[in-house]
Amino acid sequence: MGKFIGKRALASGISLVGLVILVFFLSRLTGDPTDLYLPLDASVEAREQFREMHGFNDPLIVQFGRYVSDLAQGNFGESIRQARPAMEVVLQAFGWTLQLAVITMSLVTVAAIIVGSLAAFNVGGVFDRIATFFSLVGASAPDFWIAIVGIVLFAVHWHVLPTSGTGTVWHWVLPVAVLFIRPFGLILQVVRGSMITVLSSAYIKTARAKGVRTRPIIFVHALRNAMLPVITVIGDQAAAILNGAVVVETIFGFPGIGKLMIDSILLRDFPVVLAAIMVSALAIFLMNLLIDLAYAMLDPRIRY
Amino acid sequence: MTDHLLEVRDLSVEFHTAAGTVRAVQNVSWHLDRGETLAILGESGSGKSVSALAVMNLIDMPPGRITSGTILLNGRDMLTMTPEERRQINGATIAMIFQDPLAHLNPVYTVGWQIAEMMTTHGQPGDRARARALELLGRVGIPDPDAAMKKYPHEFSGGQRQRLMIAMALACKPDILIADEPTTALDVTVQAQVLALLEELQQETGMGLLLITHDLGVVAEIADRVVVMNAGEIVETGNAAEVYHNPQHPYTRKLIDAAPGKGQMPKERDRSGQPLLQAQKLQKHYGAFHALKGVDLTIMPGETVAVVGESGSGKSTLARAILRLDDPDGGRILYKGSDLMAMPPRDLFRLRRDLQMVFQDPTQSLNPRMTVFKLISEAWEIHPDILPKAQWKDRVAELLVKVGLTPEMAKRYPHQFSGGQRQRIAIARALAMEPKLIVCDEAVSALDVSIQAQVIQLLDGLRREFGLSYLFIAHDLPVVRDFADRVIVMKSGRIVEEGTVRQIFEDPVQPYTRALLAASLDPDPQVQAARRHAREELEQRIPA
């Protein structure tokens, strides 16, 4: 078990190093940030001073060496835009995104499992048809469109919800609702498909021959067996939100990591971009580890 | 009229499928009383399980539909009961066990939980259910019941899993136990133990036992009365011994005649001259598991050598090693004197056509997306020197006729055939290579007895016609008796005994061989009763 986690961590660490190197050099290709930060009429001396201060005058390789040695001391650099430690900026934003991901995915998981299982129990029935219809619509609707329509209807037209920001509980309703729809549709389909297979398996026949009631047959005997493929998709979808729900965060002005990354890239705030990528990568790594552990927890035949 | 414990009257069940309505059973009537064992005997597709599934309310409706009849439990019609009443009967009054216990036990819950669930479902408190589950595990002979409670189904052997199913089924002390092919997937010695356990438990509890089987031997061993089914109808009912000795219906007669193990044993052959194939000291490891521990084997031209043994004995590994499908780790394989292990790949490729294999399950060994023509002619594509392309069509037709099919079938796909027909196609494919040796790995095990007899006859005829040799891997001793010249008995990766069919069957030396023979079931209830005596004596002499 410990060996398994160690192996995983090593493999992920190697990819992370490659990613950091790639992003460091690629982001430098976008050009010099100086012009973006100083006013148009700034003097040549001021520009030169700005460059000197942030080390943009040194050759790329020297800049990279400095970055790596800082990293080794746990220093992720300073945000050019906010003039405070890049990691602090990133972790603050990541905290928001993490909350958004946890709330959304918890709701999605519970709803998709219940609706999907009930749909699978009576394949082709009215409930199944309605659930399948809405899940397909949900899985295929573009989220930016739903987000905008949501703002137009609930905020502009009916004035029941705020358009953007994070002040109150009500601020969370639209972003969570918009992020909910697609994973819900997708996971519901996976739950349904997996449950249909499991419900036709031999051990379900045994449970019926034992006289087990319908509800425990679905939610005790079948569900745990049907969860394995579902967990993979849940992890996938959670990772997508953790990685930054860029479009949704931007539309709702949500101060999460997706919005931060886009802003930092546009403003060439290199230290923040790099720190954000490292945090995301770590989150994805932990997410996948969690999924593997969930597999072993659900299925006694899987041992690492 | 007194009520029977369970009575099925004029039951008809249909299934509505895309291909039309299938009448699964028609006007089926049988009854079961306390303390007796009724067997429903039939081949695949005979509808033998359908009435039991109807009793358990396990037929999905739709597509299934009960079109007529009644099912009386102590005189009450179950078909008019509410679903909740039916649910309360399942497990508590009528329990059922199935053919493949691994598939029928939930893989993600401990066996202790699954057995206890049977009792908590029917209203017993959890702690008492767990205590009784522990007691039951001991009763059905699971070693170390305390540890077993916390184990999962995959951690047990096949025979133990069926014991777990039995423990679960008997947890609520049901009046009736339905066993659907309970020993079909098990080794003969394990089968004998499981049947003995069922019989013992029946005597203890006085329950009625309904046994669904395709195996005349199982009927002979355990049943009081038998119902013979064919094509959804009951063709004959009666006392098991009477039906065997005096069958009334032609189908019953055909079934009894097809039972293997009654034919003439072949005469001893001259074994001088160069052997066709020789294996010397074959070794094979799978990780830490030592599958072959130095196996020697000689096959003469035109000879059929059978390898028998229980699962895990290494007989299939031996077959695969000889063909170098799985390379052995040590030893030599000589084909007409030249070493297959030391041969360059190109020579080995040419030799491949001489050595062919027919696998157990033709559904899996035939590519479902290839027509029969393609399946058979592919051999000539790979080995172009066998046959010019212009003759492929005629030769495929010829081969199909040879294995008892028709030339028009070449255009069809495997799924359009029955199991027995598919195995014929697999044999035709092997013959296309014009081989010298065909390795049959449990090639007839999955087939119904009447089909099995036909396939054996076919193989025997082909041997005479082409001078083929067979290496015949089987767990079923009677089949071997009719077909093989020599028999090799394997156990735990070693050969324990070897000899002519007559030596092995009439004068076995090793206790293991004798135990195997004693455990194999004879279709004649009288022979079986005598054999059971012999087995019991043997068991007393050598402890398990």
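How many helices and how many strands does the secondary structure of chain A come to? The count is 13 helices and zero strands, where helices (H or I, at least four residues) and strands (E, at least two) are DSSP runs numbered from the N terminus.

Before going on, the ground rules. This is a predicted model, in which local features need pLDDT of at least 70 and side-chain atom pairs count only at pLDDT 80 or more, while totals for chains, interfaces and linings use all residues. Residues are numbered from 1 along each chain as its sequence is written, and chains are lettered from A and ligands numbered from 1 in the order in which they are written.

The C-alpha trace of chain A spans about 85 × 55 × 30 Å along its principal axes. Of the 304 residues in chain A, 32% are buried, meaning that 20 or more other C-beta atoms, placed from the backbone, lie within 10 Å of the residue's own.

Now one helix pair. Helix 8 (residues 169-199) and helix 10 (residues 214-242) of chain A pack with axes 8 Å apart, at an angle of about 160 degrees; axes are lines fitted to C-alpha atoms over the stretch in contact, and angles run from 0 to 180 degrees between N-to-C directions. The two helices are therefore roughly antiparallel, the word for angles over 145 degrees.

Which residues meet there? From helix 8 they include A:Leu186 and A:Val190, and from helix 10 A:Val230 and A:Ile234. The residues of this contact divide into 16 nonpolar, three polar and no charged. Nonpolar covers Ala, Val, Leu, Ile, Met, Phe, Trp, Tyr, Cys and Pro, charged covers Asp, Glu, Lys and Arg, and the others, Gly among them, are polar.

Note on methods: Buried ≥ 20, exposed ≤ 12 C-beta atoms within 10 Å, placed from the backbone. Parallel < 35°, antiparallel > 145°, perpendicular 65-115°, else oblique. Contact = placed C-beta atoms within 7 Å.
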